Amino acid sequence: MGRQTPQPASQNPASPNPASQHPARREGLEEGHQADPYRLNRKFDQPSTCPDCQASYHQGHWSWQLPVPGAPQHRCPACQRIRDRVPAGELTLSGAFVSEHYGEILGLIEHTEAHIRQEHPLERLIEIAIDDNHHQAVLTFTGTHATHGMSEAIHHAFGGELEAAYPEGSTPLRVHWRR
Ligand SMILES: [Zn+2]
């Protein structure tokens with residue numbers, strides 16, 4: 001249309017070169033990817049105990065150590081995500097194999113989730129939503145590590161195709177497995 005966009009009043013020769021803002025913005029995005037609001041911006045007393053799952057916070061991380069009697073209670077980031085219904089990752093399983101072998105798949109899911117949760121207390125399966133015909137199951141997780149771990153365990157055990165869409169901003173990691 002040839003219309004001139006008015007220049008912001010602040011854009012005078014003394015302002016920083018706008019071109020230099022691009023790398024800074026990228027950096028900001030990368031930092032944003034690391035800066036999980038459920039893990040940072042929170043200062044917990046040490047030791048403290050999660051009232052929902054009984055995990056213990058000590059020396060800067062959550063573990064399954066027995067709660068210290070009388071320790072203050074703070075909800076852990078995994079339980080907070082579950083309460084807020086904000087999964088960090090989602091794995092969709094679809095295809096005829098899912099309905100034909102649902103029992104086997106479920107057994108592997110249970111085994112794998114117990115293993116991941118034991119090693120990484122904040123990495124958990126939130127729920128499995130399955131359609132009536134068992135053609136598609138959607139698993140949600142409190143962490144991306146659990147999402148990847150479960151996807152790889154299913155792929156390793158049953159073959160099929162795995163596809164991951166890398167998250168932008170605060171959207172969850174989405175992985176799709178088909179067979
Ligand atoms: Zn908890």
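These legends describe close-up views of a predicted model.

**View 1. The whole chain, element by element.** The chain holds five helices and eight strands. Starting at the N terminus, the elements follow the order α-β-β-β-α-β-α-α-β-β-α-β-β. The chain has 179 residues, and 26% of them count as buried. Take the contacts between residues at least 6 apart in sequence: 56% of these join residues at least 24 apart.

**View 2. An open sheet of three strands.** The strand order is S1-S2-S3, and the pairing is antiparallel. Strand S1 (48-49) and strand S3 (61-63) are at the edges. Each has a single partner strand, so one side of each lacks a neighbour in the sheet. Strands in a sheet pair through backbone hydrogen bonds.

**View 3. Where S1 meets S2.** Strand S2 covers residues 56-58 and runs antiparallel to S1. Two bridges join S1 and S2. Threonine 49 has serine 56, in S2, as its bridge partner.

View 4. Helix H2 spans residues 77-84. Its buried residues are Pro77, Ala78, Cys79 and Arg81.

**View 5. Glutamate 100 in helix H3.** Glutamate 100 belongs to helix H3, which covers residues 96-100. Is glutamate 100 buried, exposed or partly exposed? Glutamate 100 is partly exposed, because 13 other C-beta atoms lie within 10 Å, while a buried residue needs 20 or more and an exposed one has 12 or fewer. Histidine 135 is 35 residues from glutamate 100 along the chain. The C-alpha atoms of glutamate 100 and histidine 135 are 8.6 Å apart.

Note on methods. Residues are numbered from 1 along each chain as its sequence is written. This is a predicted model: local features need pLDDT of at least 70, side-chain atom pairs count only at pLDDT 80 or more; totals for chains, interfaces and linings use all residues. Helices (H or I, at least four residues) and strands (E, at least two) are DSSP runs, numbered from the N terminus. Two residues are in contact if their C-beta atoms, placed from the backbone, lie within 7 Å. Two strands pair if DSSP finds at least two bridges between them.
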